Amino acid sequence: MKKISFFIDGKEVTTTEGKTILEAALENGIDIPHFCYHDSLGKDGNCRICLVEIENNPKLVTSCTTPVMEGMKVLANSEHARKGRAGVMEFILLNHPLDCPVCDKAGECILQNYSYDHGYGHSRLEYPKEHFPVKDLGPDIYLWTERCIKCGRCIRFLEDIAETGELGFRKRGVKTELDIFDGVPIDNPVSLNIVDICPVGALLDKDFLYKARVWDLKSTESICPGCSAGCNIKYWSLDNILQRITARSNKGVNDHWLCNEGRRTYKNVDTEDRLVRHSLKGGKTVKLDEALEKLINTCETYKDKEGAGSIVAIGSPYLTNEENYLIKKLFGDNLGAKVSLFPARVSGKDQSFGGGFKIKAEKAPNYKGAQAALGLKNDNFQKIIDEIDKGSIKCVIAFNGDPELNLDASALKALKKAKFISLCEPHPSELNKTADIIFAGNMPAEKDGTFTNDKGITQRIRRAVYKPLDSEPEWQILLELAAQWNQECKAKHPL
């Protein structure tokens with residue numbers, strides 16, 4: 001593409017032909033206010049807050065729809081431009097309620113910020129404000145109609161990305177309001193993205209409503225554990241408890257979007273059935289050292305009497321690359337045991353949306369990475385199950401990170417035939433009842449590491465909250481095992 005140079009407030013800016021003034025400004029770190037523009041939803045030009053002046057042009061123009069030209073001189077902060085934006089802001093705020101203290105968007109509201117920077121600071125309205133009702137738009141979303149600034153982002157998302165088109169504007173002028181069509185609720189798998197992209201507190205997630213003030217929350221950048229797409233996310237926590245998950249932009253993976261199911265995966269972390277203590281069969285709780293000693297003695301016994309081939313270590317597509325590598329290193333390379341991998345849970349079929357966003361049917365965040373870390377071309381799980389069923393494998397060391405592990409009846413029956421089962425997991429599975437040792441593991445939100453998505457892209461996950469009670473990240477349990485077993489493990493930390 002041809003390069004073009006032009007000027008914004010005297011600063012020379014270089015961009016590619018076809019870009020608008022706003023796009024060129026944003027990619028060069030120059031802030032021009034905007035509400036309706038979103039880089040993944042195209043150009044609309046209806047909010048008018050991005051008005052700028054062009055030298056020798058008597059009229060202000062919307063920077064989000066005006067293409068750049070070679071040598072153009074843009075005045076984004078001239079008196080003319082600032083007065084124009086202040087006038088637009090006055091109209092936007094004309095009927096906007098002054099309810100920032102109770103609005104969930106307070107603290108991350110674009111309108112709040114722009115009203116300080118580009119508004120008059122007072123209202124000349126002499127008549128009562130227009131009032132509109134709060135609307136229930138479906139199972140996940142409320143609409144505070146009075147707060148809506150009619151930017152249209154939500155409408156364009158539902159038309160272009162979700163491809164369901166449930167929202168539209170009705171009535172005219174000051175009476176214009178956002179609403180669903182013919183009473184049809186917004187109930188699609190990606191609907192909560194309109195809450196993320198709403199620049200004000202008009203569209204709100206029912207799950208997060210009145211939970212916390214955003215300035216009290218700690219945000220942590222990570223990767224969604226909900227499927228193999230590897231969507232970039234932010235965990236939001238308060239007092240070591242997760243409150244919500246929101247999308248984080250990565251144009252090469254998930255653009256700006258995240259599915260509703262992925263947003264709700266934070267609920268798997270704080271559950272009543274979480275395993276928080278290491279234990280033995282029968283429910284006796286033990287310290288980590290004691291549990292590891294029993295595991296070491298058992299592995300050595302089976303190796304001496306039956307051979308290392310009578311032992312299998314099963315990794316998990318819900319564990320990090322580093323943890324699966326340590327499983328291979330300790331049990332496969334050092335002990336000589338067989339190595340396998342739990343299969344990824346699959347639900348339905350892949351779902352595709354506008355702009356290339358996908359929800360994957362493979363509900364495991366690291367199946368591809370786990371195979372590589374364990375040195376497997378496939379999970380070989382069924383082959384191992386057959387060997388356990390025949391009695392050639394007697395000792396099973398399993399790591400299950402899936403909070404919804406659902407093995408078929410034949411696999412479960414075969415696993416229960418093993419003479420010894422060591423199980424590490426954060427939630428009790430069907431195997432939990434027959435395991436001889438149970439290690440309390442951690443969820444992805446409670447540890448650091450990397451996941452590799454279905455496209456082979458490896459990305460960082462980061463700890464957002466701390467482990468509950470005696471539970472440990474699996475990499476830490478494995479490193480403690482290596483130290484106690486006197487096995488060589490050069491990595492002091494998985495990263």
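Author: Angles under 35 degrees count as roughly parallel, over 145 as roughly antiparallel, 65 to 115 as roughly perpendicular and the rest as oblique. The model discussed here is predicted: local features need pLDDT of at least 70, side-chain atom pairs count only at pLDDT 80 or more, and totals for chains, interfaces and linings use all residues. Residues are numbered from 1 along each chain as its sequence is written, and side-chain values use heavy atoms, with hydrogens and water left out.

Reader: At what angle do the axes of helix H2 and helix H3 cross?

Author: Two packed helices are described by the angle between their axes and the distance between the axes. Helices (H or I, at least four residues) and strands (E, at least two) are DSSP runs, numbered from the N terminus. Axes are lines fitted to C-alpha atoms, for helices over the stretch in contact, and angles run from 0 to 180 degrees between N-to-C directions. Here the axes of H2 (residues 79-92) and H3 (residues 110-118) cross at roughly 135° and come within 9 Å. H2 and H3 are therefore oblique to each other.

Reader: Which residues make the contact?

Author: Contact means heavy atoms within 4.5 Å. H2 contributes Arg 82, Arg 85, Ala 86, Met 89 and Ile 92, while H3 contributes Leu 111, Tyr 114, Ser 115, Asp 117 and His 118.

Reader: Where is Val 88 placed, and is Val 88 buried or exposed?

Author: Buried means under 20% relative accessible area, exposed over 50%, and partly exposed in between (1.4 Å probe, protein chains only). Val 88 lies in helix H2 and is buried, with a relative accessible area of 14%. Apart from neighbours within four places in sequence, Val 88 is in contact with Cys 47, Arg 48, Ile 49 and Leu 51.

Reader: How many disulfides does a search of the whole structure find?

Author: A disulfide is a covalent bond between the sulfur atoms of two cysteines. The criterion is a pair of cysteine sulfur atoms within 2.5 Å. The search of the whole structure finds zero disulfides. For Cys 47, the nearest cysteine sulfur, that of Cys 36, is 3.7 Å away. Cys 47 counts as buried, at 9% relative accessibility. For Cys 259, the nearest cysteine sulfur is that of Cys 224, 6.0 Å away.

Reader: How many residues of helix H9 are buried, and what do they pack against?

Author: In H9 (residues 367-374), six of the eight residues are buried, among them Tyr 367 and Leu 374. The buried residues of H9 pack against strand S16 (311-315), helix H8 (321-334), strand S17 (338-341) and strand S23 (449-452). Gly 375, with a positive phi near 75°, follows H9.
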